[in-house]
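Here is a friendly walk through one protein model, with an eye on strand pairing, ring contacts and nonpolar cores. Have the coordinates open as you read.

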Amino acid sequence: MSEQVETREFQAEARQLLQLMIHSIYSNKDSFLRELVSNASDALDKLRLEAFRDKDLDVDTSDLHIEIDVDPDARTLTIRDNGIGMSRDEVVDLIGTLAKSGTAELRQKLAAQPGDAEQLIGQFGIGFYSTFMVADAVELLTRKAGETSGTRWESSGDGSYTIAAVDDAPQGTSVTLHLKPADADDELHDYTSQWKIRELIKKYSDFISWPIRMQVEKTVPAQEEGGEAAGGQERSDSGNVRVSIETETVNSRTALWAKPKSEVSAEEYAQFYKHVAHAWDEPLEVIAMKAEGTFEYQALLFIPSQAPFDLFNRDGRAGVQLYVKRVFIMGDCDELVPEYLRFVKGVVDAQDMSLNVSREILQQDRQIKVIRRSLTKKVLSALKDLQANRQDDYTTFWTQFGRVFKEGLISDGDNRDALLRLSSFASTASDEQSTTLADYVARMKDGQEQIFYATGESRQLLERSPHLEAFKAKGYEVLLLTDPVDEVWVESVPEFDGHALQSVAKGEVDLGAADEKTTEQGDFADLLAWLKETLDDHVKEVRLSTRLTSSPACLITDTFGITPQLARMYRASGQEVPVGKRILELNPDHPLVTGLRQALADSETKDGLAETAELLYGTALLAEGGALDDPARFAALLADRLARTV
């Protein structure tokens, strides 16, 4: 027989927290089920621990489990466990007092034996309040292991609760929620729906080690009847089918990251990858790691073989999911890996993590930084192994993710050298094979001190650029960088293995042509000065070139200037950047240049020569793939000049 029901008031702070729970703290109402299942899992862990510590405790630990019972007609949802349970005083203390957690207290008591508390994940006082987001009333029935009397606790979340002793309560704890009506506008789902509960268990609690059981309906054709299913029951339905009610374990309980890699097959890893990444391709590499010590965590990461469609989408998903003791905390956790590794998929499961009170947001602290650094180095190590031992797989990786990976050359100074060594680039040395910087350096000509590169929109455009003419003629290899990110990272990387990176289109280059040049600068002094004056709106300097062999002229950016391609990228992103005037370099051996020099010396009037100067500048701009400031004027000048030759 139950004792008299007693009504109590929540502690003042607890009432305030309760209102925050209902209206503010949790961004996702579905989280309530994660909290209740976590509490139940803790109760089972505590019972197993207590049974081990107290040999006189009369409890059965042979079938520890969690049950979920849904009653659509009554609109109730019950989460039940046969774990440690609570005494009357503990119920009052844990629920009626602000954010007091039995798990936290037990952790403190077990501080001398930290391993014993590893599996404790709940915060009963806080997580329990989340039930009022979805329920008009909550009923808790519990009996502590080793005690004969249980406790019933009930509240509608209005600031008070009732509590009573119950004689026939089973060992463990059950929480029954009298659910609010479903409301799509308020993102309040129908939690009496079997598929919705299965979805939430799969999302939040799929890897909890204890079985989570639920009665499910299964429809089978009448001709396939085989009698009553074991552990279930059958009821008749319309003519040709029969509905079977069976008890099913709805969580997988298989956390592959907790198993040694030798015990997991490639097929299991591939299936798990497709599950966590929502992908259809096979993983290119599996990375399993376990960190032990003062801060423990496990990780199972995958490098995909196919880039997702949203890889360059600003709102695209990051790839790593965060668990704390096998309980899902958040997906797309971009704090755990740098942005340039956003293609990496997988799971990180920490033994402890600084979360906000709703366990939905990470607190920025040393733990996150430690994990981030460790995961980054592990992924880079795996890529290094691909590059050294599995060239085909490395080529696949670079083809799919190279453009993203190179973003790290800008943002990750700590690992820049490793990133440079892992990167590959197209080169004039081969039409098909890309090259690493280390291989480029090994092929450098005697006396060459710089690593030459060219940036542009396509390989075809670069190979025809006048900037490369002398380099080709003299046999110098040039890297051909055609990804938009290349325009940015080359400004951040000054050298590799002691060799400076030098753009073929910036500053001055020494190809050993100074000693070979027979034409002195003074012979063209008048032409250079006149062109500088005539093209003053476009160029800051006119000089003779050592880069050109067949083109009459090219445009060069100052050593520390912004290239036109980079300026276009900034403008496309909404940033206006000042672009300085560039340098016009002339090929002193080209007939157009020598003819213009002679015409300048012979002509009394220079009006027609000014138009030739504009055409010379415009052709240099077009040859490098640039855009004319006034295309219509250039076209008119060109048409007029062609008409005179007809």
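Predicted model: local features only at pLDDT ≥ 70, side-chain atom pairs only at ≥ 80, totals over all residues.

The bridge belongs to the antiparallel pairing of strand E13 (residues 320–324) with E14, which runs over three bridges.

**The five-stranded sheet**

E13 and E14 are part of an open sheet of five strands, ordered E11-E12-E15-E13-E14, and the pairing in this sheet is mixed. Its edges are strand E11 (283–291) and E14, each of which pairs on one side only. On average, and ignoring direction, neighbouring strands here are turned by 20° against each other. Helix H7 packs on this sheet and touches E11, E12, E13 and E15, with its direction at about 90° to that of E12.

**Aromatic rings**

The structure holds 26 aromatic pairs. Two of them are set out below.

| Pair | Centre-to-centre distance | Angle between planes | Class |
|---|---|---|---|
| Tyrosine 273 and phenylalanine 302 | 5.4 Å | 50° | tilted |
| Tyrosine 340 and phenylalanine 405 | 6.1 Å | 80° | edge-to-face |

Where do tyrosine 273 and phenylalanine 302 lie? Tyrosine 273 is in helix H7 (residues 266–277) and phenylalanine 302 is in strand E12 (residues 297–304), so their pair ties together parts that are 29 residues apart in sequence. Both tyrosine 273 and phenylalanine 302 are buried. These two rings also belong to one aromatic cluster, whose members include Tyr204, Trp257, Tyr323 and Phe328.

Is tyrosine 340 buried or exposed? Its relative accessibility is 1%, so tyrosine 340 counts as buried, the cut-off being under 20%. Phenylalanine 405 is buried too, with a relative accessible area of 0%.

Charges also meet rings. The charged end of lysine 445 sits over the ring of tyrosine 476, 5.4 Å from the ring centre. Arginine 597 lies over the face of phenylalanine 524, and here the distance to the ring centre is 4.7 Å.

In soluble globular proteins, nonpolar side chains tend to be buried together. The largest nonpolar core here has 70 residues, and those touching the most other members are Phe343, Leu375, Phe397, Phe405 and Trp489. Helix H8 (residues 366–389) supplies the largest share of this core, with eight residues. Apart from this core lies another, of 66 residues, among them Tyr129, Ile201, Trp257 and Val264.

Which residues does tryptophan 489 contact, leaving aside neighbours within four places in sequence? They are Lys406, Leu409, Ile410, Leu420, Phe425, Leu481 and Leu501.

**Two hairpins**

Strands E4 (residues 135–143) and E5 (residues 150–155) run antiparallel and are joined by five bridges, with threonine 142 partnered by threonine 151 of E5. Six residues lie between these strands in the hairpin, where glycine 146 takes a positive phi near 95°.

E5 also pairs antiparallel with strand E6 (residues 160–166), over five bridges; here tryptophan 153 has isoleucine 163 of E6 as its bridge partner. Four residues separate E5 and E6 in their hairpin, and glycine 157 in the turn has a positive phi of about 75°.

Conventions: Residues numbered from 1 in each chain as written. Heavy atoms only, no water. Pairing = 2+ DSSP bridges. Core = buried A, V, L, I, M, F, W, Y, C linked by side-chain atoms within 4.5 Å. Buried < 20%, exposed > 50% of the residue type's maximum accessible area, 1.4 Å probe, protein only. Contact = heavy atoms within 4.5 Å. Phe/Tyr/Trp six-rings, centres within 6.5 Å; stacked < 30°, edge-to-face > 60°. Lys NZ or Arg CZ within 6 Å of the ring centre and 35° of its normal. Axes fitted to C-alpha atoms, helices over the stretch in contact; angles between N-to-C directions.
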